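Work through the exercises below with the model open. Each task is followed by a stepwise solution.

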Amino acid sequence: MSCRAKKPGSAACYRGYSRQITVVRLAALQALRCTKRPQTLSFRASVSRARPAPAKHKQPLLCRQLRDRNRGMRTRLGCLSHKSDSCSDFTAILLDKPNRALKRLSTEEASRWADSFDVLLSHKYGVAAFRAFLKTEFSEENLEFWLACEEFKKTRSTAKLASKAQRIFEEFIDVQAPREVNIDFQTREMTRRNIQEPSPSSFDQAQGKIHSLMEKDSYPRFLRSKMYTDLLSQTQRRLS
């Protein structure tokens, strides 16, 4: 029975209106849910379609340069990892091209290196070969220190003498120096006092000890090394 057939204002009529309102509200909510859901899905889909694909990571130029430089350094120092002492290692470290160096080096010159340690140090290629050998033994700082002292003695400017003396001391002699050479405490402290008023002879005592160490220890092993014997063989084959 409709509300019109009932007495207006009665409880039955009021309950009828309530049911109708409830039904209308439920229908409205259901319709609202049905209309919102596709909108939400379509919005998300549009956002995902509009979002650009992540770009591939481009390696910075500086990183690539450092990587290539490290790769080249590993290639140049590969002979040191297995402590090879072949003649090819010597020619690879020479400042000149290997073939040009071997062409300029005669068998007589290479043989004279065995006469004395000083003869070896007086020859450009002798120093290069001995440096390459010391690198295989991880003791090239001894020769580098000796050469730095020889260069230091040629300095004439007082100002440059002081700065060079300090640099040599900090690099080779001071405690925990980056390329510390093996000298005793007394020699180190005497050299420290000498560079307070530097002169061309400030490093004479330390240089003499390192010279003796190389002459008695490293130099005989160099003459017996495969590097030196291979070098002599190559120069002899070139002449034949």
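**Exercise 1.** In this predicted model, find which residues of α9 and α12 meet, and sort the contact by class.

Solution. Start with the α9 side: Asn142, Leu143, Phe145, Trp146, Cys149, Glu150 and Lys153 take part. On the α12 side, their partners are Asp204, Ala206, Gln207, Ile210, His211, Leu213 and Met214. Sorted by class, the contact of α9 with α12 holds eight nonpolar, three polar and three charged residues.

**Exercise 2.** Describe how α9 and α12 are oriented.

Solution. Two values describe a packed helix pair: the angle between the axes and the distance between them. For α9 and α12 the angle is about 140 degrees, and the axes lie 10 Å apart. Angles over 145 degrees would count as roughly antiparallel; α9 and α12 are therefore oblique to each other. The crossing of α9 past α12 is left-handed.

**Exercise 3.** Is valine 175 buried or exposed, and what does it touch?

Solution. Valine 175 sits in the loop between α10 and α11. Its relative accessibility is 52%, so it counts as exposed. Leaving out residues up to four places away in sequence, valine 175 touches Glu180 and Arg188. The C-alpha atoms of valine 175 and arginine 188 are 8.8 Å apart, with the two residues 13 apart along the chain.

Technical notes:
Residues numbered from 1 in each chain as written. Predicted model: local features only at pLDDT ≥ 70, side-chain atom pairs only at ≥ 80, totals over all residues. Heavy atoms only, no water. Axes fitted to C-alpha atoms, helices over the stretch in contact; angles between N-to-C directions. Helix = DSSP H or I, 4+ residues; strand = E, 2+ residues; numbered from the N terminus. Parallel < 35°, antiparallel > 145°, perpendicular 65-115°, else oblique. Left-handed = near helix turned anticlockwise from the far one by under 90°. Contact = heavy atoms within 4.5 Å. Nonpolar A, V, L, I, M, F, W, Y, C, P; charged D, E, K, R; others polar. Buried < 20%, exposed > 50% of the residue type's maximum accessible area, 1.4 Å probe, protein only.
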